[in-house]
Amino acid sequence: MISKLFSGIIIMLVALSGVNLFADVPPALPEAATAGIKLFTGQKPFENGGAACISCHSVNSIKAAGGSLGPNLTAVYKQLGKNGLNIVLKSVPFPTMKPVYKNRPITKKERAGIISFLRYSSESKTNRNKGQDLFMYAAAVFAILIISMPIIWRNRLSGVRRALIKKA
Ligand code: HEC
């Protein structure tokens, strides 16, 4: 009875750990980043009418595919940092972006939102190697199964043996 209960608990733990490991929990999104996502994807227009970044850029944390004219910006925060990004969005040094934003400047608040979003995206899980993650999860679940197997097994065998002994 007690060992049955025990193996039941083990099975539940295995199931729960599986659920937990597979859950892709993103870090809490600051309010500014939420505004930044809307600007980036064009859900919310820029105050001065500049084009949405997604028409030329992709970011992995956004499911919709972006344009491919510009580089993928998932990890750009790590490369340029807050100040670097602020310069890019304020003085727009890139020839392809310049005509789009030169006469339609991005406001200070809008820049802060986009930078906050890019920071979130550089730290988010979607930026990590998915194959590697999946392998780690599979290995963890497998290890838990292996560890719990003898306990479940022993229980079952003793049940069969008991039945045989009864018959004999
Ligand atoms: C018309 C297309 C276009 C739009 C719209 C656009 N970009 Fe770009 N962006 C580019 C291209 C192309 C580059 C690469 C440099 C170049 O050739 O000008 C670039 C470069 C960048 C870089 C530097 C990347 C690096 O790896 O150094 C950042 C950051 C950036 N863009 C952010 C943004 C943000 C944020 C927006 C929205 C406010 C935006 N871009 C809108 C085309 C665009």
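This is a predicted model: local features need pLDDT of at least 70, side-chain atom pairs count only at pLDDT 80 or more; totals for chains, interfaces and linings use all residues.
Residues are numbered from 1 along each chain as its sequence is written.

The ligand is surrounded by 20 residues, the closest being Cys53, Cys56, Gly70, Phe94 and Thr96; a residue is near a molecule if its C-beta atom, placed from the backbone, lies within 6 Å of it. The shell comprises 16 nonpolar, four polar and no charged residues (Ala, Val, Leu, Ile, Met, Phe, Trp, Tyr, Cys and Pro count as nonpolar, Asp, Glu, Lys and Arg as charged, and the others, Gly among them, as polar). Helix α3 (residues 76–91) contributes the most to this shell, with four residues; helices are DSSP runs (H or I, at least four residues), numbered from the N terminus.

The largest nonpolar core contains 18 residues, of which Phe40, Ile114, Phe117 and Leu118 have the most contacts inside it. Such a core is a set of buried Ala, Val, Leu, Ile, Met, Phe, Trp, Tyr and Cys residues joined through C-beta atoms within 7 Å, buried denoting 20 or more other C-beta atoms within 10 Å of a residue's own, exposed 12 or fewer, and partly exposed in between. Two or more residues each come from α2 (31–41), α3 and α5 (108–123), and α5 gives the most, with five.

Thr107 lies in the loop between α4 (98–101) and α5. Thr107 is classed as partly exposed because 14 C-beta neighbours lie inside 10 Å. Glu47, 60 residues apart from Thr107 in sequence, is 7.4 Å apart from Thr107 in space, C-alpha to C-alpha.
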